[in-house]
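Visitor: I am new to this structure. Please take one part of it and walk me through that part closely, then show me how the rest is arranged around it.

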Amino acid sequence: MNAISKLALATLIAASSASPAFAQDAHAGHGSHGAAAHGSHQAAAAAELTTGEIKKVDKDAGKLTIRHGELKNLNMPAMTMVFRVKDTAMLSQVKAGDKVKFSAEKVDGAITVTKLENVK
C-alpha cells in the first residue's frame, strides 16, 4: 500500500470513529434534557451562594483568599483558595475574618468571585 492510500485509509477510519460522537452531541440538544434544560440547571447552580470566610484581601493583585464550602457549580470541594474578583469594588467590602456568602464562576480561565455578600 502506498503512502497516499495509507493516509486516505487513516483519514477514513478517523472520520468514521468521530461520526457517532458528533451525532450524539448534535442529538443532545433535542428534547427536555437538551441544552436549554442543561443551561438553566447551570444558571441555578451558579446563582447558589456558598459560605466562606475571608482570610486575606490583596487589593494590589485584585484577589481574595477565602476558606469556603463546596462550590457545586464548579465541582469543587471545600478548601481555602485565592480568587480573582469580577469587580474590584468587592475588595473594599470585606476584610480578613469576615464571614461571607459568594458565588464563583470560571471567567477567562480563572475562578472568579462574581457575587459577594457579608454575613451579619
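**The core and the barrel around it**

Guide: Start with the largest nonpolar core, which has 17 residues. Those with the most contacts inside this core are Leu64, Ile66, Phe83, Phe102, Val113 and Leu116. The core draws on several elements: S2, S3, helix H3 (90-93), strand S4 (99-107) and strand S5 (110-118) each supply at least two of its residues. In soluble globular proteins, nonpolar side chains tend to be buried together.

Keep in mind that this is a predicted model. The mean pLDDT of the chain is 78, and 61% of the residues reach 70 or more. Residues 15-38 fall below 50 in pLDDT. Beyond near neighbours in sequence, that stretch has six contacts in the model. Where pLDDT is low, the predicted coordinates should not be read in detail.

Now look at Leu64. Set aside its neighbours within four places in sequence, and Leu64 is in contact with Ile54, Lys56, Val57, Met81, Val82, Phe83, Val85, Leu91, Val94 and Leu116. Two of these partners, Phe83 and Leu116, are also among the core residues with the most contacts.

Step back to the overall layout. The chain contains three helices and five strands. Along the sequence they follow the pattern α-α-β-β-β-α-β-β. The five strands form a closed barrel. Its order is S1-S2-S3-S5-S4, and the pairing is mixed. Neighbouring strands of this sheet are turned against each other by 55 degrees on average, direction ignored. Of the 120 residues of the chain, 26% count as buried. Take the contacts with a separation of 6 or more: residues 24 or more positions apart account for 45% of them.

S2 and S3 pair in the antiparallel sense, over six bridges. His68 has its place in strand S2. The bridge partner of His68 in S3 is Met79. His68 counts as buried, at 4% relative accessibility. Not counting residues up to four places away in sequence, His68 touches Thr50, Thr51, Gly52, Met76, Pro77, Ala78, Met79, Met81, Phe83 and Phe102. Phe83 and Phe102 are again among the core residues with the most contacts.

Ala78 sits in the loop between S2 and S3. Ala78 is exposed, with a relative accessible area of 52%, whereas His68 is buried. Leaving aside neighbours within four places in sequence, Ala78 is in contact with His68, Gly69 and Glu70. Ala78 and Thr50 are 28 residues apart in sequence. In space they are 9.7 Å apart, C-alpha to C-alpha.

Glu48 is partly exposed, with a relative accessible area of 39%. Lys72 is also partly exposed, at 48% relative accessibility.

Another salt bridge joins Arg67 and Glu53, at 2.8 Å from N to O. Arg67 lies in strand S2 and Glu53 in strand S1, so the pair ties together parts that are 14 residues apart in sequence. Arg67 is partly exposed, with a relative accessible area of 40%. Glu53 is buried, with a relative accessible area of 13%.

Glu117 forms a salt bridge with Lys115. Their closest N and O atoms are 3.6 Å apart. Glu117 counts as partly exposed, at 33% relative accessibility. Lys115 is partly exposed as well, with a relative accessible area of 40%. Some salt bridges share partners, and these join Glu53, Lys55, Arg67 and Lys99 into one network.

Move to the barrel of five strands. Then go to buried His68 and on to exposed Ala78. Finish at the network that includes Glu53 and Arg67.

Terms used:
Residues numbered from 1 in each chain as written. Predicted model: local features only at pLDDT ≥ 70, side-chain atom pairs only at ≥ 80, totals over all residues. Heavy atoms only, no water. Buried < 20%, exposed > 50% of the residue type's maximum accessible area, 1.4 Å probe, protein only. Salt bridge = Lys/Arg side-chain N within 4 Å of Asp/Glu carboxyl O. Helix = DSSP H or I, 4+ residues; strand = E, 2+ residues; numbered from the N terminus. pLDDT = per-residue confidence, 0-100. Contact = heavy atoms within 4.5 Å. Core = buried A, V, L, I, M, F, W, Y, C linked by side-chain atoms within 4.5 Å. Pairing = 2+ DSSP bridges. Axes fitted to C-alpha atoms, helices over the stretch in contact; angles between N-to-C directions.
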